Amino acid sequence: MIKKFKPWWQQDKRYRTLTQALLLALLPVVCCFVRCAMDGETISGVWLPASRWNDELFYYKQVEGILEYGYPQGYFGFNESHALNLSFAAWSPVLVFPWVLWGRIFGWDLWSPIVCNIVLTSLVCFLFVCLVKPTWKQLGVLALLFSLFTPFTRYTLSGMAEVICFCMLILFYGLAVNYLNRSKTYKLVLLFVMGGLMTLMRPYLLLFLLLPAYLWFRRSGWRGVLGSAAIIGSALGLYACIKHYLGAAYFAPLYFTDWVDAFFEEGIFGGIRFCMLKLHDMGKNFWGGMLRGIRTGQPMGAYFCSYVLILCILAGQSFLDWRRLKALGRASADSVVRDEEEVAARRKLHTRLVVQIHLAFSFIAMFFALLLMYKLEEGSRHLLTFITAGIFIIALMDTKYFKKAVLVGAAFAYFYSYMAVDPMYYELPYRQEDEVRQLTEWEEVFDSRLKLEREAAVPNFDNSVIWVFQDEEPDGTFKQTKWQFLYALPEGFGISCCMPEYILENFGNLQSKYLATTAGGRFDEMCRAEGYREVGRDQELVIYRLR
């Protein structure tokens with residue numbers, strides 16, 4: 001009998017896994033290429049100074065300062081706030097460590113974070129397949145959902161650190177699945193290291209330290225509990241130190257602890273009542289955001305809807321898999337002989353169940369944290385990291401009729417393609433010749449007229465530039481300062497984003513040496529009347545030396 005022919009990539013599992021890994025590694029590149037091609041552009045045309053996301057400026061210039069001097073020589077902050085030590089802004093500098101490594105090896109320019117993001121995403125996809133070894137069906141589901149979740153591609157083609165969180169969590173779950181399939185001590189250690197790093201990047205990612213803690217407890221009993229508690233406590237303590245010593249105060253608190261204070265001020269029952277009322281009020285706002293997302297495509301509401309949908313799928317599938325695992329256990333108890341296929345099926349089901357339950361728990365915990373501790377609009381962006389992890393876990397679920405994949409894929413297509421009309425969230429920044437010319441001119445001005453002061457103790461305010469967020473025009477309207485040209489500042493300079501009210505209140509006593517504002521605006525006239533020396537000017541931006 002003639003054997004049925006099988007392609008070489010199906011004859012050996014190693015070849016099959018390698019082929020799958022290479023295919024998934026190509027997917028982020030293809031998604032980025034297609035996304036740009038839809039705009040009639042290429043990936044190389046993406047240009048950070050054309051972006052509307054001003055967080056990118058802070059990330060980029062801080063990395064630039066780290067690479068050039070070890071840390072920025074001027075202060076990054078808000079309303080001239082600054083860290084107690086060194087010169088970082090409100091967010092943990094651990095967030096950008098992959099970019100720092102990339103810059104050390106390959107150099108750092110305006111396209112470096114984008115190239116690094118693409119390479120990092122492709123590498124993580126490759127490693128995820130090698131660790132998990134999905135079936136072809138699972139790989140197809142993953143590729144479909146990955147392609148339809150366009151925020152992943154948008155953040156990859158940006159200078160935002162969120163994509164680093166995405167990649168860390170994908171790799172974390174890939175390693176967790178691999179550990180559950182074949183337990184090795186070094187894998188558990190790596191899970192703790194990754195969970196600790198993620199905690200230092202974003203405090204809510206502490207949730208993912210709970211998975212290796214559970215795995216260590218299952219392996220070593222109470223010794224694992226005590227060891228995990230020590231690691232989690234150390235990670236929290238280290239993050240608190242980073243936040244206290246290396247973080248500048250933001251305009252408003254990054255997260256709120258009034259619900260904790262209520263327990264001390266009003267007692268246990270008063271605290272519970274306060275939490276219930278806040279959850280009720282914020283829950284109504286959350287629900288309203290979901291409705292706006294469905295009706296108008298509002299990005300915040302779209303994130304909420306996607307988050308709730310994936311949470312429901314994770315919870316529902318976890319319940320079904322738990323019942324199946326219990327049934328398999330009862331069948332094994334009644335059977336005298338357990339064959340290898342039965343053991344393998346139980347192990348596979350148990351592995352999937354552990355990661356599903358943990359991710360579902362993390363979704364629920366983050367939901368309550370969002371309602372109690374964050375502003376919904378700003379906090380909604382953090383949900384994208386959880387949604388991304390959910391995509392990779394859903395792809396590993398057993399599927400016969402692709403119901404879950406079709407449901408999630410349809411939701412993604414609706415929210416992130418059909419209703420993706422908000423340019424602030426979905427529009428890619430492309431190179432414009434006029435802006436390139438202006439940025440080049442500003443680079444020449446800055447290089448010739450701005451001097452980095454390093455004789456005194458650094459960081460200092462002599463190496464800091466105030467970016468006035470917006471200025472009042474002669475007709476009474478407010479115009480946002482063309483902050484994008486601050487990418488041209490020399491390496492090492494710090495930037496302090498200041499609100500107009502702060503400038504008015506402290507004008508004449510500002511600590512920073514330089515001030516950048518809208519040309520022809522109120523502060524332009526005030527600086528001119530005060531006799532401050534002009535460093536440079538064009539039709540949109542003017543910069544003064546204040547002393």
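Let's start at Thr156, which lies in helix α7, residues 150-156. Keep in mind that this is a predicted model. Is Thr156 buried or exposed? Thr156 counts as buried, because its relative accessibility is 2% and the cut-off for buried is under 20%. Leaving aside residues up to four places away in sequence, Thr156 touches Cys32, Ile114, Asn117, Ile118, Thr121 and Val163.

Some of those names come back when we look at two helices, α5 and α8. Two packed helices are described by the angle between their axes and the distance between the axes. For α5 and α8, the angle is about 10 degrees and the axes are 8 Å apart. Angles under 35 degrees count as roughly parallel, and α5 and α8 are therefore roughly parallel to each other. Which residues of α5 make the contact? They are Asn117, Leu120, Thr121, Val124, Leu127, Phe128, Leu131 and Val132. Helix α8 brings Val163, Ile164, Cys167, Ile170, Leu171, Gly174, Leu175, Val177 and Asn178. Sorted by class, this contact has 13 nonpolar residues, four polar ones and no charged ones. Now look back at Thr156: its partners include Asn117, Thr121 and Val163, and these residues also take part in the contact of α5 with α8.

Next, the aromatic rings. The structure holds 51 aromatic pairs. One of them is formed by Phe58 and Phe76, edge-to-face, with 5.5 Å centre to centre and 70 degrees between the planes. Where do these two sit in the chain? Phe58 is in helix α3 (residues 55-69), while Phe76 is in the loop between α3 and β1. They are 18 residues apart, and the pair links distant parts of the chain. Phe58 is buried, with a relative accessible area of 2%, and Phe76 is buried too, with 0%.

Phe172 and Phe208 make another pair. Their ring centres are 6.1 Å apart and their planes are at 75 degrees, so this pair is edge-to-face. It also links distant parts of the chain: Phe172 belongs to helix α8 (residues 162-181), and Phe208 to the loop between α9 (185-201) and α10 (210-220), 36 residues apart. Both Phe172 and Phe208 are buried.

The charged end of Arg154 sits over the ring of Trp53, 3.9 Å from the ring's centre. Over the ring of Phe485 you'll find the charged end of Lys482, 5.8 Å from the centre.

Finally, let's turn to the backbone. Most residues other than glycine have a negative phi, and most peptide bonds are trans. Which kind of peptide bond joins Val458 and Pro459? It is a cis bond, with omega about 0 degrees. Pro459 is in the loop between α19 (433-449) and β2 (464-468).

Glu80 is not a glycine, yet its phi is positive, about 60 degrees. You'll find Glu80 in the loop between β1 (77-78) and α4 (97-106), and it is buried, with a relative accessible area of 4%. Lys133 isn't a glycine either, and has a positive phi of about 55 degrees. Its place is the loop between α5 (112-132) and α6 (136-148). How accessible is Lys133? With a relative accessible area of 47%, Lys133 is partly exposed.

Technical notes. Residues are numbered from 1 along each chain as its sequence is written. This is a predicted model: local features need pLDDT of at least 70, side-chain atom pairs count only at pLDDT 80 or more; totals for chains, interfaces and linings use all residues. Side-chain values use heavy atoms; hydrogens and water are left out. Helices (H or I, at least four residues) and strands (E, at least two) are DSSP runs, numbered from the N terminus. Buried means under 20% relative accessible area, exposed over 50%, partly exposed in between (1.4 Å probe, protein chains only). Rings of Phe, Tyr and Trp (its six-membered ring) pair if their centres lie within 6.5 Å; planes under 30 degrees apart count as stacked, over 60 as edge-to-face and the rest as tilted. A charge sits over a ring if NZ of Lys or CZ of Arg is within 6 Å of the ring centre and within 35 degrees of the ring normal. Contact means heavy atoms within 4.5 Å. Axes are lines fitted to C-alpha atoms, for helices over the stretch in contact, and angles run from 0 to 180 degrees between N-to-C directions. Angles under 35 degrees count as roughly parallel, over 145 as roughly antiparallel, 65 to 115 as roughly perpendicular and the rest as oblique. Ala, Val, Leu, Ile, Met, Phe, Trp, Tyr, Cys and Pro count as nonpolar, Asp, Glu, Lys and Arg as charged, and the others, Gly among them, as polar.
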